[in-house]
Amino acid sequence: MSAADNLWMARALRLAEKGRYTTDPNPRVGCVLVKDGRVVGEGWHRRAGGPHAEIEALKMAGGAAHGADCYVTLEPCCHHGRTPPCTEALIGAGVRRVVAAMTDPNPRVAGGGLKRLQAAGIETVCGILETEAERLNRGFVSRQRRGRPWVTAKLAASLDGRTALASGESKWITSPQARADVHRLRAGSSAVLTGIGTVLADDPRLDARLEDGDIVQPLRVVVDSRLRMPPTARMLGLPGRTLIASCHPDPARRAALETAGAEIWAAPAREGRVDLAALLEELARREVNEVLVEAGATLNGALAIASLVDEWVLYLAPCLLGDEGRGLFQLPGIQVMADRIELRFDEVRRVGPDLRLKIQPR
């Protein structure tokens, strides 16, 4: 490993970042081909079913790829998926060396790509800027290794921890800058998850709206144990898909919702409500990498108690809503300090006039 290896891998990671909103359900991958100290080809994976980053870089390099070093943020694939294996393309192009940031957590690859390259006489190195590469694809890694997506819960509150007035009025606690930031979170997520209480109270769209850049709209998921979702809900009239998880699906209501464009998943029940862990496993089976939760106190509390949240993103507005306002979490059963749920601050940043706090379980 050298300073040059770090330099070129950092460039590959910046390329991979360009696919943040479009590659789902595939990982975000960037590739740089370097020969005699200069870049001869580079590319990134833009969309599932399209060319992988290595293929884009090889196409740009042409014959100059022969004898080049290949820097790629994820181990090259060695199996036929939506596209042919990249290992064979690299071997055919005659690259000298392949440097990967991380091994592919997909069991179909999991080191097999590097072994295939080594068998063909190509030098391989793995682990350059590995932490950064895993962070970029933490949802894909979570799905492959844990069998469930990475879960981020978005919260917005006043300085005294209220999400709405006692009447339910909540528009708008946070600034336009914070709300624009939330749309970027949505655009980078595979699915947006909410509860039926939020749907009935706010009739949210839950789509991603960005002024610039191509995006793949996230799957909208509603936890609705008793199937109370109205067929007239705004989200059902928008582009993209809506999945309703219900453990008591009434046949007539189900038919009406399916006519309106929703898909109903008959979820297993836990204490009379949708089993949230089972729901996340189902989303992983549907190739969902990252879930953004935008919900009320009931669902946020249930996810916290079940230890199913990997990160909270809290937008804290410099205002006070009073002690009769609605809180962030419904957490029954916490009676003494020993029962508290311990968290840790990971990042604090200004977004317009608000603070954005990234918080993780301890």
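Student: Which residues of S7 lie on one side and which on the other, and are they buried or exposed?

Tutor: This is a predicted model, in which local features need pLDDT of at least 70, side-chain atom pairs count only at pLDDT 80 or more, and totals for chains, interfaces and linings use all residues. Residues are numbered from 1 along each chain as its sequence is written, and side-chain values use heavy atoms, with hydrogens and water left out. In a regular strand the side chains alternate between the two faces of the sheet. In S7, Ala 191, Leu 193 and Gly 195 are on one side, Val 192 and Thr 194 are on the other, and all are buried. Buried means under 20% relative accessible area, exposed over 50%, and partly exposed in between (1.4 Å probe, protein chains only). Because 5 of the 5 residues of S7 (residues 191-195) are buried, this strand is largely enclosed by the rest of the structure. Strands (E, at least two residues) and helices (H or I, at least four) are DSSP runs, numbered from the N terminus.

Student: With which strands does S7 pair in the parallel sense?

Tutor: Two strands pair if DSSP finds at least two bridges between them. S7 pairs in the parallel sense with S8 (residues 219-223) over 5 bridges, where Leu 219 is the bridge partner of Ala 191. S7 also pairs in the parallel sense with S13 (residues 290-293), over 3 bridges; there, Val 293 is the bridge partner of Leu 193.

Student: In what order do the strands of the open sheet that contains S1 stand?

Tutor: The order of these 5 strands is S2-S1-S3-S4-S5, with mixed pairing. S2 (38-44) and S5 (123-126) are at the edges with a single partner strand each, so one side of each has no neighbour in the sheet. On average, neighbouring strands of this sheet are turned by 15° against each other, direction ignored; the axes are lines fitted to C-alpha atoms, for helices over the stretch in contact, and angles run from 0 to 180 degrees between N-to-C directions. S1 (residues 30-35) pairs with S2 in the antiparallel sense over 6 bridges, and Val 32 stands opposite Glu 42 in S2.

Student: Which residue caps the N-terminal end of helix H9?

Tutor: Asp 250 caps that end of H9 (residues 251-259), with a side-chain oxygen 3.0 Å from the backbone nitrogen of Ala 252. Just after H9, Gly 261 takes a positive phi of about 110°.

Key:
Polar contact = N/O pair within 3.5 Å; in protein donor to acceptor, adjacent residues only side chain to side chain.
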